[in-house]
Amino acid sequence: MMSDQKVQTGLRLPEKQYERIREKADRIGVSINQMALILIDIGLNYLDMEKDGQNHFSFRNPQDKP
């Protein structure tokens, strides 16, 4: 089973970005922290995508061998 340990960190955001995150969090009914985690997960998944030969992106697990 995966460890569910948490690391506390501080994040400095430009006010406009903070407001955008707050507005989106309010709209879907989650905390600002949860919204930040959602956005981080989306960004990490995007960065983990690998372009295939047909100009499509496919997700890959970073631990998988190419």
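Throughout these legends, a residue is buried at under 20% relative accessible area, exposed at over 50%, and partly exposed in between (1.4 Å probe, protein chains only). By that scale, glutamate 19 counts as partly exposed, at 26% relative accessibility. The structure is a predicted model, in which local features need pLDDT of at least 70 and side-chain atom pairs count only at pLDDT 80 or more, while totals for chains, interfaces and linings use all residues. Residues are numbered from 1 along each chain as its sequence is written, and side-chain values use heavy atoms, with hydrogens and water left out.

**View 1. The whole fold has 2 helices and 2 strands.** Helices (H or I, at least four residues) and strands (E, at least two) are DSSP runs, numbered from the N terminus. Of the protein's 66 residues, 6% count as buried. The accessible surface comes to about 6,600 Å², with 53% of it belonging to carbon and sulfur atoms; such areas come from the Shrake-Rupley method with a 1.4 Å probe, and for residues only the protein chains shown count as cover.

**View 2. Helix 1 is seen here from end to end, with the glycine that comes just after it.** The expected span of a helix is 1.5 Å times one less than its number of residues. For the 14 residues of helix 1 that gives 20 Å, which agrees with the 20 Å between its end C-alpha atoms. Just past the helix, glycine 29 adopts a positive phi of about 80°.

**View 3. Glu19, Arg22 and Asp26 belong to one salt-bridge network.** A salt bridge here is a side-chain nitrogen of Lys or Arg within 4 Å of a carboxyl oxygen of Asp or Glu, and the whole structure has 2 of them. In one, the side chains of glutamate 19 and arginine 22 meet at 2.5 Å, N to O. These two residues are 3 apart in helix 1, so about one helical turn separates them. Arginine 22 counts as partly exposed too, at 27% relative accessibility. Arginine 22 also bridges to aspartate 26, with the closest N and O atoms 3.1 Å apart. Here the spacing is 4 residues, again about one helical turn. An α-helix has 3.6 residues a turn, so residues three or four places apart point the same way.

**View 4. Glutamate 19 is shown with isoleucine 32.** Their C-alpha atoms lie 9.8 Å apart in space, and the two residues are 13 apart in sequence.

**View 5. The largest pocket has a volume of about 500 Å³.** Of its 16 lining residues, the closest to the centre are Leu11, Asn33, Ala36, Leu37 and Ile40. On a 1 Å grid over the protein atoms alone, a pocket is an open set of points where a 1.4 Å probe fits, with protein on both sides within 12 Å along at least five of seven lines; lining residues have an atom within 4 Å of a point. Helix 1 (15-28) and helix 2 (32-48) each supply at least two lining residues, and helix 2 gives the most, with 6.

Notes: Grid points are joined across faces, edges and corners, and a volume is the space filled by probe spheres set on the points.
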